Amino acid sequence: MSTVQPRRHVRAAQIRRERLIEFALRACAFSAVAGLVLIVVFVFKEAWPVLFDPETQKEASLQRFFATPLWQPVGDIPKYGLMPLLTGTFKVVAIAMLFAVPLAVLAAVFSAEFAPARVREVLKPAIEMLAGIPSVVMGFFALMVLASWLQGVTHSEMRLNALTAGIALGLGVIPTIFTVAEDALRAVPRSFREASLGLGATPWQTAWHVSLPAASAGVAAGVLLGLARAVGETMIVLMASGNAAITSADPLDSVRTLSASIAAELAEVVVGSPHYSTLFFLGALLFTITFLINVAAGAFVEQLRKRLAGA
Amino acid sequence: MSGTTLDPVPDAASAPLPVRERRPDVAGFSFTALSGFAALLIVLMVAVILGEVVWNGWSTVTWEFLAGVPREGMTKGGIFPAIYGTLLLVVLMVIALIPFGVGAAVWLHLYAAQDSWFTKTVRFAVHNLAGVPSIVYGLFGLGFFIQFLGHNVDRVLGLDVVWGQPALMWAALTLALLNLPVVIVTTEEALRTVPRDQREASLALGATRWQTVRHVLVPQALPGILTGAILAVARGAGEVAPILFTGAAYFLPFLPKLPTDQFMELGYHVFVLATQSPDIDATRPLLYGTVLVLLALTFLLNLTAILLRARLRARLLGRG
């Protein structure tokens, strides 16, 4: 980027100052790298005993995580079975995605392809507002309002269950999916659409057969980013899922997720105890899952950029 | 392209021009209608959530509520300590965050060789920091700031437990890291709106790079930089998971004075009122009132950011 070199008559002191400033700015940029590395180091460090400390492994180890079907970390004989948490997380996230993906992608298509400018002026701020609702408020809404509505429909035994949490979580991730998908659709060059319309295709045929395929990598990136958010989201599931660690396939059973277990239990554990390490292990697991999904999403964004740039 | 609607003309010379079939286009109509319906549904759900909060919270939000302290097991009184704690938290966060975020964006924009591995690593880190779940930030805050930094500061200074416990400062630093990608991305976007020729004119006139940054780039990109800061504040005021173990308190009889004090916070207060109250019916009005205050705060901030960004984009378009 440096096309212009400092000229010779600039005093040496000034050059030194410039170098110092450049170094400081570079350090600022490095802070992002340092932050990510420190997160990895310190979350995995506290999870370490689960994998390598014999004393901790008497209570919590990889084998033990799958040897018992129960998550009962408090009690005479604590049980750290991950199955209920893993199935619980899967269940809630699956419901959230089933709810959010069709809505968000269809709305993005509507906004990018069909909506008159005036309608978009209502839709876009509404989505931004949805994005601005803090997750604790979404959890509150699910707990106080949504749960009762859904119970009225499903007549479920438990008021707070995977369905309630899943739908609230879906609401939380709609803005992520919508925004990325809509940006991708709008980045499809005008010429693509004009060519399609000029050949006699109707607007919806153009949207379905031209714009969506062209933007598919971006839509996929949006879905993946939404997925990563759903897996890691804490407050909504903590407040709306009921938090009972039950392994079942029934969406009307209460569930406990990985993230909610950390949030609910960490404040009361003894630092360095097997329970403490296990909760950090759950955090490390969440980090790894979301990290991989995000890397995949990044690859899709890159693919989209190349495809549209090559056009 | 589906074959049914675009059949090739059999004999181009003699056949009459193909007339588009006038059958009602059921598939097309349903697809368009469905997408419109999805959009409508989302708007309606936003309206329902906001309506619910405003409708039920409105009457609670009085001066006594805003300026009072919680009383009688949090079934009466106000939320002033939570508002105060939230403001203090975001102010500290912004002080820690802005220099790093803006500095990093300036470096990425003006100094960085875009193809170097270091630049790529920074961009990779920014992208992935943005995707780390907020609860993991909470774990990091506890593991790094409190257990590692705090404890070691205490040990070196020969103190009892002063720094090595949940505190306002650690929560603010945790949130600062959480929002670092937001500020870097929005600031860089803002810097890109400054026309390249102005930057080059400044350099060609003999200004150093730093002079160009200070007198050309940053002043012009200021609205965008502010946007990033405001978005970070809005998000900081609403995130609860990262502060669960790094400093937020269930209830405090005093206001925080030192960075090592714990604090009450609006979002955490909502969580406490909604889930830990022994008598939810008595707490309900306070709960709705608190949610309304929190929502109003984040929306005002978001709205300001959206307006600033719109102005910035208009300027960018105006230049062509």
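In which helix of chain B is the place of Met169(B)? The place of this residue is in helix 6 of chain B, where helices (H or I, at least four residues) and strands (E, at least two) are DSSP runs numbered from the N terminus. The structure is a predicted model, in which local features need pLDDT of at least 70 and side-chain atom pairs count only at pLDDT 80 or more, while totals for chains, interfaces and linings use all residues. Residues are numbered from 1 along each chain as its sequence is written, and chains are lettered from A and ligands numbered from 1 in the order in which they are written.

Met169(B) has 22 other C-beta atoms within 10 Å and is therefore buried. A residue is called buried if 20 or more other C-beta atoms, placed from the backbone, lie within 10 Å of its own, exposed if 12 or fewer do, and partly exposed in between. Leaving out residues up to four places away in sequence, Met169(B) touches Leu92(B), Pro259(B) and Thr260(B); contact here requires that the C-beta atoms of two residues, placed from the backbone, lie within 7 Å. Met169(B) and Thr246(B) are 77 residues apart along the chain, yet their C-alpha atoms are separated by 8.8 Å.

Helix 4 of chain B, residues 117–129, comes next. Its 13 residues should span 18 Å at 1.5 Å a residue, and its end C-alpha atoms are 18 Å apart, which agrees. The expected span is 1.5 Å times one less than the number of residues. The buried residues of helix 4 of chain B are Val122(B), Ala125(B), Val126(B) and Leu129(B). They cover an arc of only 100° around the axis, so they lie on the same side of the helix; the arc is that of the directions from the helix axis to the C-beta atoms. Exposed Trp117(B) and Lys120(B) are carried on the face turned away from the buried side of helix 4 of chain B. The buried residues of this helix pack against helix 3 (80–111) and helix 6 (168–192) of chain B, together with helix 1 (12–52) of chain A.

The contact between the chains can now be considered as a whole. It takes 77 residues from chain B and 77 residues from chain A. On the side of chain B that touches chain A, the largest share, 15 residues, comes from helix 1 of chain B. By class, this side of chain B has 52 nonpolar, 20 polar and five charged residues. In this classification, Ala, Val, Leu, Ile, Met, Phe, Trp, Tyr, Cys and Pro count as nonpolar, Asp, Glu, Lys and Arg as charged, and the others, Gly among them, as polar.

Helix 1 of chain B has 32 residues and reaches 45 Å from its first C-alpha to its last, close to the 46 Å expected at 1.5 Å a residue. Among its buried residues are Phe31(B), Ser35(B), Ile42(B) and Gly57(B). Two packed helices are described by the angle between their axes and the distance between the axes. Trp204(A), Gln205(A) and Trp208(A) of helix 9 of chain A make the contact with Gly28(B), Phe31(B) and Thr32(B) of helix 1 of chain B. This helix contact has three nonpolar, three polar and no charged residues.

Several places in chain A complete the account. Gln151(A) is found in helix 6 of chain A, residues 135–154, and counts as partly exposed because it has 18 C-beta neighbours inside 10 Å. His155(A) is found in the loop between helix 6 and helix 7 (162–187) of chain A. With 8 other C-beta atoms within 10 Å, His155(A) is exposed, and its phi is near 50°, a positive value in a residue other than glycine. Asn243(A), in the loop between helix 10 (235–240) and helix 11 of chain A, also has a positive phi, of about 60°, although it is not a glycine. Asn243(A) counts as buried, with 21 C-beta neighbours inside 10 Å. In helix 11 of chain A (residues 258–265), six of the eight residues are buried, so this helix is largely enclosed by the rest of the structure.
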